[in-house]
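Here are some friendly notes to read alongside the model. Please keep the sequence and the 3D view open as you go through the points.

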Amino acid sequence: MTTYEVFAPFYDRAIGDRGREGSYLHELIQKHFPEAATVLELACGTGAILEQLHSHYEVSGLDASRRMLDIAARKVPQSRLFREDMTRFDLGETFDVVLCVFDSINHLVRFGDWEAVFNRAREHLTDRGIFIFDVNTERKLASFASAPPWTQWFDDDSLLLIDVRDEGDGVYAWKLRVFEHRSGSGYRLHVEDIREAAFPLERIKESLAERFRRVRIYDAERSRPTTRSLRLHFVCGD
Ligand SMILES: C[S@@+](CC[C@H](N)C(=O)[O-])C[C@H]1O[C@@H](n2cnc3c(N)ncnc32)[C@H](O)[C@@H]1O
């Protein structure tokens, strides 16, 4: 199912500066594969991360949403972009780093599809290549669902409202509502519903161990991952 077709034009303005994530990913790459020269980002969206990385690496990206990719093409003209499903793509080439970040993998609600991404990533790595992805943890999605909807102003007078609801079995509906300011007291409502799923850490680790010899797990907010972690980064390689 294609998502982000409605939210795409608001995405960068509503999410804001991504410099911190870009620097963190660059640090992880430098720590684990300092000679890396090529990066492929799965679910690259508007190219917010590719934009941060293109001065260090030759960057490529793929995404399912045409509107997100159109923005990425304008923002990061140095990148090669592909409209592909990250569970089934085959680009016929390999990369030093395959990335999938900002909880993009959570957008796949069946664990079998996460494993398809692990397989696709592995298939597209050079011999010493690394696959880096992050996840929203079960704890994070549950805490969002138990909190009231939250709002955020952007462009001074437009508003993003996010309401996360628990659908059961680890699946959550994200109701995105953009109230775009038009003129005077006029607003236009844009509606998009997205689903995310989280899975137990042990299940993710077991699945990765079947595919990669080395897996490191980081929490950017803590010295090491704990049961309180809200976002985890995985670095996988051989
Ligand atoms: C939260 S955005 C993250 C975008 C980007 N990685 C970033 O850091 O800003 C999630 C992205 O996943 C993409 N996506 C969701 N399911 C996908 C799939 N099966 N294949 C490719 N892209 C997908 C959406 O189109 C969207 O651009």
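1. How many residues surround the ligand, and which are the closest? The shell holds 19 residues, and the closest are A43, G45, A64, S65 and F102. A residue is near a molecule here if its C-beta atom, placed from the backbone, lies within 6 Å of it. By class, ten residues of the shell are nonpolar, six polar and three charged. In this scheme Ala, Val, Leu, Ile, Met, Phe, Trp, Tyr, Cys and Pro count as nonpolar, Asp, Glu, Lys and Arg as charged, and the others, Gly among them, as polar.

2. A word on the basis of these notes. The model is predicted, with local features needing pLDDT of at least 70 and side-chain atom pairs counting only at pLDDT 80 or more, while totals for chains, interfaces and linings use all residues. Residue numbers run from 1 along each chain as its sequence is written.

3. For the overall picture, the protein has seven helices and eleven strands. These are DSSP runs numbered from the N terminus, with helices (H or I) of at least four residues and strands (E) of at least two. The radius of gyration is 18 Å, close to the 18 Å that the globule rule gives for 238 residues, so the protein is as compact as a globular protein of that length. That radius is taken over C-alpha atoms, and the rule is 2.2 Å times the number of residues to the power 0.38. The C-alpha trace spans about 60 × 40 × 35 Å along its principal axes.

4. Now back to F102, one of the closest residues to the ligand. F102 sits in the loop between strand 4 (95-100) and helix 5 (111-123). Its phi is near 60°, a positive value in a residue other than glycine. Is F102 buried or exposed? F102 counts as buried because 21 C-beta neighbours lie inside 10 Å. The cut-offs are 20 or more other C-beta atoms within 10 Å for buried, 12 or fewer for exposed, and partly exposed in between, with C-beta atoms placed from the backbone.

5. D169 also deserves a look. D169 has a positive phi of about 55° although it is not a glycine, and it lies in the loop between strand 7 (158-168) and strand 8 (171-183). With 7 C-beta neighbours inside 10 Å, D169 counts as exposed.

6. The domain assignment gives domain 1 (8-136 + 200-237) and domain 2 (139-197); such bounds come from an automatic or database domain assignment. Eleven residues of domain 1 are in contact with 13 residues of domain 2, where contact means C-beta atoms, placed from the backbone, within 7 Å. Helix 1 (residues 8-15) gives the largest share of the domain 1 side, three residues. The centres of the two domains, taken over C-alpha atoms, are 24 Å apart.

7. Finally, the largest nonpolar core has 58 residues, and those touching the most other members are L42, V97, V98, L99, C100, V117 and I132. Such a core is a set of buried Ala, Val, Leu, Ile, Met, Phe, Trp, Tyr and Cys residues joined through C-beta atoms within 7 Å. Strand 5 (residues 125-136) gives the most to this core, with six residues. Beyond its neighbours within four places in sequence, I132 is in contact with L25, L28, V97, L99, H233, F234 and V235.

Definitions and conventions:
Two residues are in contact if their C-beta atoms, placed from the backbone, lie within 7 Å.
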